[in-house]
Structures are given as C-alpha cells and as structure tokens.
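Reader: Could you walk me through this protein, starting with the overall picture and then going into a few details?

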Amino acid sequence: MMTIGGICGFTIGFFTSLQIKVTSALTHNISGTAKACAQTVLATYWYNEAKSFLWWFSNGIVLFGSAAYARIKQLDMERKLDELIYTSMCLLYDLIC
C-alpha cells in the first residue's frame with residue numbers, strides 16, 4: 001500500500017508541475033479550488049445534506065469565478081494565437097514578395 005501511495009503522490013506531483021509549466025501557478029490554484037468546490041457540492045447532493053442559502057451562494061460564486069477566469073484565459077489564448085498566425089503570415093508574405 002505504501003508503494004501505491006508513493007506512486008500516486010509522485011504522479012500527482014509530476015502532473016502538477018506540468019500544469020504549472022504550461023499555464024501558471026495562479027491557474028493551477030484556481031483549478032484546484034474549483035475542483036474542491038465542485039466535489040463539495042456533489043458530495044452535498046450525494047449525501048442529501050441540507051445547506052443554507054449563503055453556503056450555496058458562496059459555492060456558486062467560487063464556481064462562477066473559476067469559470068469566468070477560464071473563459072477569459074481562453075479568449076486571451078485565442079487572441080495571442082491569432083496574432084501569432086497573423087505575424088507569421090506577414091513574415092511569410094514578405095519572404096515570398
């Protein structure tokens with residue numbers, strides 16, 4: 001069991017470092033928070049627990065904020081890709097002409 005736990009821990013650490021390398025530490029932190037929040041909401045539903053309105057509202061804010069951050073990052077990445085493609089096309093056109 002200790003070996004399996006060690007392998008799982010190493011794997012999680014490895015993929016965490018890859019996620020931070022490809023995105024950022026902030027994105028990793030936000031995705032981790034969103035995952036934990038979603039798990040909490042699902043567990044509450046699964047075990048039929050009653051929670052107050054403020055509890056649901058606060059979890060909704062966390063999930064909405066995480067989704068908004070992801071969407072903004074997606075749009076920013078698309079914009080950067082479009083700029084890169086445009087720049088590459090301009091350089092290619094200058095080489096040809």
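Predicted model: local features only at pLDDT ≥ 70, side-chain atom pairs only at ≥ 80, totals over all residues.

Reader: Okay, how many helices and strands does the protein have?

Author: The secondary structure comes to 3 helices and 0 strands, where helices (H or I, at least four residues) and strands (E, at least two) are DSSP runs numbered from the N terminus. Read from the N terminus on, the elements run α-α-α.

Reader: And what is the radius of gyration?

Author: The protein has a radius of gyration of 21 Å, whereas a compact globule of 97 residues would have one near 13 Å; the value is taken over C-alpha atoms, and the globule rule is 2.2 Å times the number of residues to the power 0.38. Along the principal axes, the C-alpha atoms fill a box of roughly 70 × 45 × 20 Å.

Reader: What share of the residues counts as buried?

Author: Of the 97 residues, 7% count as buried, which means under 20% relative accessible area, with exposed being over 50% and partly exposed in between (1.4 Å probe, protein chains only).

Reader: Is Thr44 buried or exposed?

Author: Thr44, which is found in helix H2 (residues 25-46), counts as buried because its relative accessible area is 4%. Leaving aside neighbours within four places in sequence, Thr44 is in contact (heavy atoms within 4.5 Å) with Glu49, Lys51, Trp55 and Trp56.

Reader: Then which residues does Asn59 touch?

Author: Not counting residues up to four places away in sequence, Asn59 touches Cys37 and Val41. Asn59 is found in helix H3 (residues 53-96), and Asn59 counts as buried because its relative accessibility is 11%.

Reader: New topic: which element gives the largest share of the lining of the largest pocket?

Author: That share, 4 residues, comes from H3. The residues that line the largest pocket are Val22, Thr23, Ser24, Thr27, Lys73, Asp76, Met77 and Lys80. A pocket here is an open set of points on a 1 Å grid over the protein atoms alone, where a 1.4 Å probe fits, with protein on both sides within 12 Å along at least five of seven lines, and lining residues have an atom within 4 Å of a point.

Note on methods. Residues numbered from 1 in each chain as written. Heavy atoms only, no water.
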